[in-house]
Amino acid sequence: MKKSVFLGALTLAGLAAGTAMAQDSSTLAAVKERGVLKCGVNPGTPGFAAPDASGKFVGFDVDVCRAVAAAIFGDSEAVEYTPLTSAVRFTALASGEVDMLARNTTWTFSRDVDLKNTFVGVNYYDGQGFMVPKDLGVSSAKELGGATVCIETGTTTELNLADYFRVNNMEYEPVPVESFTEAQTQFLAGACDVYTTDASALAASRASFENPEGYVVLPEIISKEPLGPLVRHGDDNWGDIVRWSLNAMIAAEEYGVTSANATELAKGTENPEINRLLGVEGELGAMLGLDNAWALNIITQVGNYGESFEKNIGENTPVGLARGLNAQWTEGGLIYSPPFR
Amino acid sequence: MTTATNTPEDQGFRLSQLIYDTRYRSITIQVIAMLAFMLIAAFLIRNTIINLSALGKDIDFGFLFNRAAYDINQQIIPYTSDDPHWRAALVGLLNTLLIAILGCTLATVIGVVAGVLRLSKNWLTAKIMTVYVESFRNIPVLLWILAFMAVLSEGLPAPRAFRGEDPAASMWFWDSVAVTNRGTYVPAPVWGSGSSVVVIAFLLSLLGIWAFGKWSNRHFEETGQHLPNFWIKLGILIVPSVLVYFVMGRPVSLSYPELKGFNFDGGLHMRNSMLALWLALSFYTGSFIAEIVRSGILAISKGQTEAAFALGLRPSWTMNLVILPQALRVIIPPLISQYLNLTKNSSLALAVGYMDLRSTLGGTTLNTTGRELECMLLMMLIYLIVSLIISSGMNIYNKSVKLKER
């Protein structure tokens, strides 16, 4: 009896004495000290994030990482990419393994609020679609009753799929796969009739097939998938840096600032909005804790939103996506940056 | 025991005795070690809780009762996307148990056959078994699972190939079995009214076989007469059930797989994910069991065989009555570990999209709710319980075969 009291007292003492782990307070300070930005990206979606022939990550999402690095270091190459599957991405972000995610992640309520992430904006407005082989003779998703569907596990698409088939009173057989590449393999082998994921990824995937003409993407878009970069809760300054790096790319396109003319325009223009963006006027960079040429560095090194889009996923690339919803608001799209003021 | 004759006067307990007195020293060391262990454990737990709250996360299992909202293809109990997460986890657990039972059974069969054959005097047979054992147990099981899956999904025809006037693929066994790259479809029984009587008759005949075995053993011990046990048992197994089946007006029928729409319909659908996982786990674990069986047989002295032969026992009786009962004592304990390994290795199912506990509770549920710690803790607890149940069950069997010393 005495001994157990003694043990209990010591354990309590130990509990009280245990020191709390100090959390590093500023992500920006940590990134600056490290000299490199750690960015979580998709392991392989052509056009969005995929290693090129030399093994370097390139793509539309990768450009967001590069923009943030350019804003912080003035060097868009100071990025360390961490390829993450959809299953581990939030854990990697929450644990500090990466500083930010730019990995076609859908902005949802529960991911934002419950999983304690901060979505800083939308760089691609997407929706879930279906791809089928042409010789299946299907022209609408409503004809897919009884089909076998390949689906990446742990994604919002899995939940949308279940809802869509339920609402339309159709049966289906889900074939869960772990990664994008595995899904392609199964789909091409005919182990599933249908492959469903975000329409942009379907286009990217189709572009990489040996025979893209043999496959069609069905017209139905069954969900809203606003994809964007995100950071973890708790460091608003860091969130601001990522948010406004993306906005700088978007605003630059709106004002006609491109990688070609940015240096010229940075000498001063008639338009005060451009002047503030490029750091000629005001102290916007300093407010973020960055150099005043932060946005100029982004635009000269990465390009504006439209340039990045055309270079990676635009109509002249194998992925071949039209701007559609992702046109500037002035062109009838949804891409819109708050004012730089 | 010098103190026994010359007892020093009792000086009471002194603190230094904790270190210098052998009676107390070991207790002192154990108490200190225990305290250190508890301190470290407390530190880790406290650290976890503090860091979780710093991230704004709490530990809450309430999500288990929310709507799961995803579908599972292989369901042993009914499940829809409207069911809560705990039921999805239960479906996954049943799938895990299914693969564990199927896997352990097949692995035992493969292991015993391969282990015995590896000792064969036939050079070719023995070498083939050596190649099997060495190649399977020296390559990671995950690679085997992926290899089996790749062969099944890339090598077999899609259901589309079965269609048309001149199909590229055809069904096996008089159009009753369809082997496709989505799985194998076999005829499944349809239980009509009155079929329960047939099932009861079948169960009763199993009981009959058991009772007959007991009786025939006693008969053999009393008279030394050997009955044709195998044929009699086969007769008991088949005849009554078949008679009842016809008397009841054939209540059990078979449903055959048929190509309907996109897929085959009807029959029993064994998905490739399950087949790949089952075969890979069985062959992998079977190679270990083969070695256990071989070592068990080799552990029995050769004199036992020679003595049995000298008594005039046939080789098959020698194996069944003399060698195996003794070898089992050596085989069972390591066999338990192999069963546990197989069960735990089944958590690699996610690699081929088999919806086991790891893929439901630790996969989609974890991803959609973001409750990593809770899901992981729950999964560890469930695997622990399952493993403990398997090993305690096997221990009971071990007790029944081990050497009884009187």
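The expected span of a helix is 1.5 Å times one less than its number of residues. Keep that handy for the first view of this predicted model.

**View 1. Helix α8 of chain B, end to end.** This helix covers residues 272-298 of chain B, 27 residues in total. From its first C-alpha to its last it reaches 38 Å, close to the 39 Å expected at 1.5 Å a residue. Look along it for S287(B), where α8(B) bends by about 25 degrees.

**View 2. Where chain B meets chain A.** Here 38 residues of chain B are in contact with 37 residues of chain A. On chain B's side, α2 (22-54), α5 (141-155) and α11 (357-369) each supply at least two of the touching residues. Which helix gives the largest share? That's α2(B), with ten residues. Sorted by type, the chain B side has 15 nonpolar residues, 16 polar ones and seven charged ones.

**View 3. Chain A on its own.** Chain A has 14 helices and 13 strands to spot. Its C-alpha trace spans about 85 × 65 × 40 Å along the principal axes. Of its 341 residues, 48% count as buried. Now pick out the contacts in chain A with a separation of 6 or more: 72% of them link residues 24 or more positions apart.

How values were computed
Residues numbered from 1 in each chain as written. Chains lettered and ligands numbered in written order. Predicted model: local features only at pLDDT ≥ 70, side-chain atom pairs only at ≥ 80, totals over all residues. Contact = placed C-beta atoms within 7 Å. Helix = DSSP H or I, 4+ residues; strand = E, 2+ residues; numbered from the N terminus. Nonpolar A, V, L, I, M, F, W, Y, C, P; charged D, E, K, R; others polar. Buried ≥ 20, exposed ≤ 12 C-beta atoms within 10 Å, placed from the backbone. Bend = angle between axes of the 7 residues up to and from the residue.
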